[in-house]
Amino acid sequence: MKSPIPDYLADVLDAVRGIEDGAPADYIDVLARADVSRLAVALATVDGEVYAVGDHDVEFSIQSISKPFAYALAIEDNGLDRVLERVGVEPSGNAFNELSLEAGSHRPMNPMINAGAIATHALVATPGASREARITRFVDVMSRLAGRPLSVDEAVFDAELRDGNRNMGLGYMLKAGGMLDCDPGEAVSGYIRQCSVNVNVRDLALMAATLANAGQQPQTGEPIFPASSVRQVLSVMTSCGMYDAAGDWITTVGIPAKSGVAGGIIGALPGQLGLAVFSPRLDGHGNSVRGVAVCERLSRDMGLHMM
Ligand code: DON
């Protein structure tokens, strides 16, 4: 029997296709040249069913959607207490590229902003690991989450590193505050590689569904993260995943989420599903305009809001 879900998802995409607000990220030249007509959505259930429509095979860089997964790895590799010494869990209320340190401390406010993500990246793999070991560990786990081998988009990496003065500045401030053990340039270039991993919406939906499934990849059955780490990650996504729009998001869509500046967004509804959307035009917070509209519509129609 034909499933009605893909037809429904195609209708949702058609409903938002006319939205032309926003613009692709302009501070990374490869992203600034993105095809703004791209639009895709995927749903993955915790039983391993995946429904993907629109430009679902088109790859784009994961960008900040990498941050919750790097946070889960840092917790696994160092323990939560050690990670909390370096990165807090409070929403910053500021843009993602602000320094946003906690008052009276050198600790970045959360792992979803760039400063917190750079400190988090430096905690991936065993303490004292090389930049190569950290990125290899990250790409390996992301590939297991997607169920296929993923790789770094070298053009995006080069472009972001070339224009990476702001992130480099954050790295040096973290080092000065004692929040990095390694060289700041190494932490920032590793973080930028982490952001440059290519994915499509199907990959992202499976990653989100793994979080929704308490850390077990729904198609392969592999336990990838312990449930205690997933609880920590989903909690921080809920309060900080959509940056200074986190309040709007949680009142309207109502599920833990994370956006990236290439135009991707993931959402994870514990015990039920992971969803992923992609469209390159962003709003002033750095979240995909059509992506947010798709998620609002899915949440309303399917009753996804947690409350
Ligand atoms: O560090 C940066 O600026 C990018 N690599 C990632 C930022 C990002 O995706 C913010 N999300 N909306």
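Tutor: Start with pairing: two strands pair if DSSP finds at least two bridges between them. Keep in mind that this is a predicted model.

Student: How do you know that strand 1 and strand 2 pair?

Tutor: Count the bridges. Five join strand 1 (residues 40–45) to strand 2. The cut-off is at least two bridges, so the two strands pair. They run antiparallel.

Student: What is the strand order of the open sheet?

Tutor: The order is 2-1-7-6-5, five strands in antiparallel pairing.

Student: What makes strand 2 and strand 5 edge strands?

Tutor: Strand 2 (50–54) and strand 5 (257–259) each pair on one side only. On average, neighbouring strands of this sheet are turned by 10° against each other, direction ignored.

Student: Which helices lie across strand 1?

Tutor: Helix 1 (residues 5–16) lies across strand 1 and strand 2, at about 35° to strand 2. Helix 13 (residues 289–302) lies across strand 1, strand 6 (264–269) and strand 7 (273–278), at about 145° to strand 7.

Student: Which residues have the most contacts inside the largest nonpolar core?

Tutor: A42, A205 and A208, in a core of 101 residues. Helix 10 (residues 201–212) gives the largest share, nine residues.

Student: What does A42 touch beyond four places in sequence?

Tutor: Its contacts include V50, Y51 and A52, and also V201, L204 and A205. L275 and A276 are on the list too.

Student: Which positions does UniProt give as "binding site"?

Tutor: The unreviewed entry places that feature at S64, N114, E160, N167, Y191, Y243 and V261.

Student: Why is S64 called buried?

Tutor: The cut-off is 20 or more other C-beta atoms within 10 Å. S64 has 25 such neighbours, so S64 counts as buried. S64 is in the loop between strand 3 (60–61) and helix 3 (67–78). Contacts of S64 include F96, M112, C195 and V261.

Student: And N167, buried or exposed?

Tutor: N167 has 23 other C-beta atoms within 10 Å, so N167 is buried. N167 is in helix 8 (residues 165–176). Beyond four places in sequence, N167 touches N114, I118, V188, Y191 and I192. Among these, N114 and Y191 also carry the UniProt "binding site" feature.

Conventions: Residues are numbered from 1 along each chain as its sequence is written. This is a predicted model: local features need pLDDT of at least 70, side-chain atom pairs count only at pLDDT 80 or more; totals for chains, interfaces and linings use all residues. Helices (H or I, at least four residues) and strands (E, at least two) are DSSP runs, numbered from the N terminus. Axes are lines fitted to C-alpha atoms, for helices over the stretch in contact, and angles run from 0 to 180 degrees between N-to-C directions. Two residues are in contact if their C-beta atoms, placed from the backbone, lie within 7 Å. A nonpolar core is a set of buried Ala, Val, Leu, Ile, Met, Phe, Trp, Tyr and Cys residues joined through C-beta atoms within 7 Å. A residue is buried if 20 or more other C-beta atoms lie within 10 Å of its own, exposed if 12 or fewer, and partly exposed in between; C-beta atoms are placed from the backbone. UniProt positions are given in the numbering used here, feature names are shortened, and annotations may be inferred rather than shown by experiment.
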